[in-house]
Each structure stands twice: as C-alpha cells, then as structure tokens.
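Keep the sequence and the 3D view open while you read.

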Amino acid sequence: MASLLNRPLSRRTLLAGSAAAGVGLTGLAAGCTSDDGAETAAPSGELRKTTYMTAFGLPGREAAGAVAKGKGFFTEAGLDVEILAGAAGEKNYAAMESGQVDFGAVDWSGAVPRYAKGGKAVKIVAAIHSQTLISMVTLPSTGITGARQLIGKRIGVGAGAAPKSVFPAYASAFNIEPAELKTVQWQEVAPDQVAGLLIAGKVDAIGLFVAGTPGVRKAAIGKGLITKEQDLVVLPYSDGLTDLMGNVLTARTQLIQEQPQLVRDFTNALMKGLDYAVNNPEEAAKILAEQVPETDPEVAAAELVIMKNYVYPQDTTKPVGFIDVARAAKGAAILEGVLQLPPVDVGDMIDFNFVPGGTPVAASAAAK
C-alpha cells in the first residue's frame with residue numbers, strides 16, 4: 001500500500017485513506033501470526049507493514065513519524081509504516097478499535113476517561129509528551145497575563161476538547177472558585193476553526209496545544225494584531241497541573257497480544273524519530289515538507305522547538321517515551337476528580353512491557 005505521505009494531501013483525502021488502510025491491515029496482521037497464535041518473523045529482508053495515526057493532522061509537532069520514515073529508523077527496525085493524519089478524540093479511537101489502524105497518538109486527557117468508561121481495545125505503550133501541552137492563548141492587547149484573568153472572559157475551544165473539560169482542575173490550581181468558573185463564556189467550534197476565533201476578535205482567548213502557537217502567531221502578525229517583535233500570551237496548563245502528560249502512543253490490545261515484537265520495534269523507532277525531530281527542528285521540518293507538501297517549514301520548525309520542552313521525562317536519566325507510574329497515577333487521579341470518573345488502573349491502562357526505560361509491574365501495582 002503506497003504511503004499517503006508521498007503525495008499532496010487534504011484532510012479529507014487522509015481520512016479516506018485511513019479507512020482504506022484498514023482493509024489491508026487485517027490481512028497483514030493475520031499474515032504475521034501463526035495458527036497457534038505465536039508471533040512469526042517476516043521473511044528475510046521483507047519489511048513488516050503497519051499503520052500509525054497521528055494525534056491531529058500532520059503539522060510540525062506531529063513530525064516524529066515522518067522523521068522516523070525519512071531518516072530510515074522504521075526501515076532499520078524492519079518496518080514499512082503508513083502514516084495517517086489523525087482527527088483527534090473519538091475518530092482516532094474508532095480507527096484503532098475497528099482495526100483500521102495499529103498505532104495511534106492520543107491525548108492523555110482523553111485516554112484516561114476513555115479507559116475509565118471501558119475502552120480496553122487499546123493500551124498506552126509510551127509517552128510522546130511528558131507534560132501536557134494544553135494551554136490558554138491570547139493576544140497581548142487583551143491584558144490577560146494569568147489564569148485568574150480568564151474569569152468572565154470568552155474562550156474558544158474545539159468541540160469536546162480537553163482545554164475546556166480539564167479547565168476546572170487548572171483553575172483550581174490558581175484558587176478560582178466553582179462559582180467563578182460559571183462566568184467563563186465558552187465558544188465551541190471545529191478544532192481547525194479555533195485559531196480563527198481569536199484572530200477575528202470573537203473571543204478573548206483560545207484553548208490550544210502550546211506547540212500550535214507558531215501558526216497562530218504568524219496569522220496574528222499577518223493581520224497586524226501583533227508586531228514581528230511581539231509574542232502571544234501563553235498560559236500552559238502544566239504550570240498548575242504538573243502531573244498531566246500530553247500525547248501518548250497507543251497500540252491495539254490485540255496487536256500487543258499477537259505481535260509484541262512489532263509493537264516494541266515500532267515504539268522504539270518512533271521515539272527515535274521524536275528525539276531526532278525535536279533536536280533537529282529545521283531538518284525535521286524539511287523532511288516533513290518533502291512528504292507533506294503543504295507544510296510551512298518555518299512554522300513546523302518553530303513548533304518542534306517549543307515541543308522539545310515537553311517531550312523529555314522529568315527524570316533526565318530516562319529515555320524519551322518513559323512513563324513514571326506514580327506520576328501517571330497522580331495525573332489519572334486529577335482527571336478522575338474533575339471528570340467524575342471511576343478509579344483507573346494505570347498498571348492495566350499502560351503496558352509497561354513496551355515503555356522505553358520500563359517500569360516494573362510490581363511498582364505500577366503499588367501506585368494504583
């Protein structure tokens with residue numbers, strides 16, 4: 001199956017491609033598993049085919065897969081990976097749960113409630129961002145410089161997106177009372193229309209992944225809302241919620257059971273691509289542009305520069321992708337409280353057999 005990254009793409013084309021990809025994947029999985037369920041190696045010299053769906057689209061902050069492909073990290077691992085643009089939230093889960101996609105990036109703030117409500121068809125196998133990238137973004141002209149100044153303001157967010165659902169926990173960290181939360185005026189739109197609300201002056205701030213701010217800044221400069229010397233005002237949720245992760249890598253539970261070595265090889269190769277991308281942002285942006293022609297290399301590189309601050313574990317001795325089980329349990333507890341979820345077993349939601357740097361299962365059980 002030809003990679004969709006090798007030709008000009010629209011979101012519609014990508015999503016249509018993701019559905020088509022699933023037809024082939026069913027057969028591929030069967031071809032790599034023996035009759036008794038044991039994983040079998042691909043014939044000598046033959047690459048194992050698999051599919052990866054990004055968290056949302058193919059901007060610079062999603063370049064890890066493209067870099068792993070462009071630099072040959074997937075090939076070195078014996079993999080032929082098709083990369084598909086994700087659409088966030090339920091659509092990504094639906095693609096994985098139906099078997100159309102093997103691996104997917106999803107936000108931790110969405111993964112926890114999904115698991116808590118019975119979503120066991122996928123498991124987390126690595127962290128992509130050790131800290132949440134959720135933030136509030138506004139223009140200097142609004143005068144907003146801190147969380148408490150969001151009280152009573154108009155805030156634009158993607159429909160059903162985490163910046164709104166997690167906001168009560170973020171606000172609590174800054175002593176914003178529940179009654180004050182009710183004064184916030186939320187405007188929910190399609191995710192790709194959120195930035196336009198701020199640029200058009202229809203809201204005072206927007207909920208956005210912090211790595212997505214370079215594109216908004218460029219648009220604001222283009223409209224004369226800020227000068228080239230000015231920056232947007234960014235209020236990262238990580239300032240108040242230090243135990244929340246950002247995007248995590250998930251794999252189909254059935255794939256984990258049937259082809260654990262493929263899961264391990266893919267995870268390690270993608271993390272290698274992630275590490276290379278954030279340390280070589282300009283080269284990574286060019287690699288992405290070669291595969292996704294509509295890429296703005298300047299914006300893509302700027303996103304990767306920002307993202308580097310959110311990728312590496314707090315424990316600097318651990319590799320990219322590492323998940324601290326105790327911190328994961330605290331992060332899950334935050335979401336359980338704010339979203340009124342049943343208790344989450346992080347030792348089951350995360351398969352630590354594949355997490356780079358590992359975590360003993362006994363330790364995960366103790367942290368439940």
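**Exercise 1: The strands**

Strand S1 (residues 48–53) and strand S5 (residues 103–107) are paired in the parallel sense, over two bridges. Strands here are DSSP runs (E, at least two residues), as helices are (H or I, at least four), numbered from the N terminus; two strands pair if DSSP finds at least two bridges between them. Before you start, note that this is a predicted model, where local features need pLDDT of at least 70 and side-chain atom pairs count only at pLDDT 80 or more, while totals for chains, interfaces and linings use all residues. Residues are numbered from 1 along each chain as its sequence is written, and side-chain values use heavy atoms, leaving out hydrogens and water.

*Solution.* 
Step 1. Turn to S3, which runs parallel to S1 and is joined to it by six bridges.
Step 2. Check the cover of S1: five of its six residues are buried, so the strand is mostly covered (buried means under 20% relative accessible area, exposed over 50%, partly exposed in between, with a 1.4 Å probe and protein chains only).

**Exercise 2: Helices on the sheet**

*Solution.* 
Step 1. Axes are lines fitted to C-alpha atoms, for helices over the stretch in contact, and angles run from 0 to 180 degrees between N-to-C directions.
Step 2. Contact means heavy atoms within 4.5 Å.

**Exercise 3: Two helix pairs**

*Task.* Describe how H12 meets H14, then how H12 meets H13.

*Solution.* 
Step 1. Two packed helices are described by the angle between their axes and the distance between the axes.
Step 2. The axes of helix H12 (residues 260–279) and helix H14 (residues 297–311) come within 8 Å and cross at roughly 125°. That makes H12 oblique to H14 (under 35 degrees counts as roughly parallel, over 145 as roughly antiparallel, 65 to 115 as roughly perpendicular, and the rest as oblique).
Step 3. Leu274, Ala277, Val278 and Asn279 of H12 make the contact with Leu304, Met307, Lys308 and Val311 of H14. By class, these residues are six nonpolar, one polar and one charged (Ala, Val, Leu, Ile, Met, Phe, Trp, Tyr, Cys and Pro count as nonpolar, Asp, Glu, Lys and Arg as charged, and the others, Gly among them, as polar).
Step 4. For H12 and helix H13 (residues 281–291), the axes come within 5 Å and cross at roughly 115°. Tyr276, Ala277, Val278 and Asn279 of H12 meet Pro281, Glu283 and Ala284 of H13.

**Exercise 4: Single residues**

*Task.* Is His129 buried or exposed, and what does it touch? Then look at Gly70 and Asn175.

*Solution.* 
Step 1. His129 is in the loop between S6 and strand S7 (134–138). It counts as buried because its relative accessibility is 2%. Not counting residues up to four places away in sequence, His129 touches Met245, Gly246, Asn247, Met307, Tyr310 and Val311.
Step 2. Gly70 lies in helix H2 (residues 64–70) and is partly exposed, at 46% relative accessible area.
Step 3. Asn175 sits in the loop between helix H7 (167–172) and helix H8 (178–181). Asn175 has a positive phi of about 60° although it is not a glycine, and it is exposed, with a relative accessible area of 58%.
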